[in-house]
Amino acid sequence: MIAVIGKVLAEEQMDGGDDEGYRALAGEMTKSAQNLLQACKLKDFDSAGKAVNQIEQSCNKCHEDWR
């Protein structure tokens with residue numbers, strides 16, 4: 001779901017979707033969510049934890065910049 005949200009947020013018709021920085025942060029969120037899925041499939045809990053932190057960081061950075 002997080003990866004899908006990141007994809008939707010990066011669409012040009014979305015608020016901020018026409019800004020390169022905003023799209024980059026949404027892309028980071030999407031990529032981190034994909035990394036989390038892969039880590040879960042491999043039962044790699046260290047990588048899963050890192051991916052969760054990356055998701056949180058991308059969300060926090062976006063909210064700092066775009067609120």
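Q: Why is D65 called partly exposed?
A: Its relative accessible area is 41%. Buried means under 20%, exposed over 50%, and partly exposed in between (1.4 Å probe, protein chains only). The value of 41% falls in between, so D65 is partly exposed. The model is predicted: local features need pLDDT of at least 70, side-chain atom pairs count only at pLDDT 80 or more, and totals for chains, interfaces and linings use all residues. Residues are numbered from 1 along each chain as its sequence is written, and side-chain values use heavy atoms, with hydrogens and water left out.

Q: What makes the pair of D65 and K61 a salt bridge?
A: The closest N and O atoms of D65 and K61 are 3.3 Å apart. A salt bridge needs a side-chain nitrogen of Lys or Arg within 4 Å of a carboxyl oxygen of Asp or Glu. The pair meets that limit, so the name applies. Side chains of opposite charge can pair when their charged atoms come close. The structure holds one salt bridge.

Q: How are D65 and K61 placed along helix α3?
A: They are four residues apart in α3, and therefore separated by about one helical turn. Helices are DSSP runs (H or I, at least four residues), numbered from the N terminus.

Q: What makes K61 partly exposed?
A: K61 has 38% relative accessibility, which puts it in the partly exposed class.

Q: How do you know that the buried residues of α3 line one face?
A: The buried residues are A48, A51, I55, S58 and C62. Seen down the axis of α3, they fall within an arc of 85°, so they line one face. The arc is taken from the directions from the helix axis to the C-beta atoms. They pack against α1 (2-9) and α2 (20-41). On the other side of α3, F45, D46, K50, Q57 and E64 are exposed.

Q: Why is S32 called buried, and what does it touch?
A: S32, in helix α2, has a relative accessible area of 6%, so it counts as buried. Leaving aside neighbours within four places in sequence, S32 is in contact (heavy atoms within 4.5 Å) with A51, Q54 and I55.

Q: What makes T30 buried?
A: T30 also lies in α2. Its relative accessibility is 8%, so T30 counts as buried. Not counting residues up to four places away in sequence, T30 touches A3, G6 and K7.

Definitions and conventions:
Helix = DSSP H or I, 4+ residues; strand = E, 2+ residues; numbered from the N terminus.
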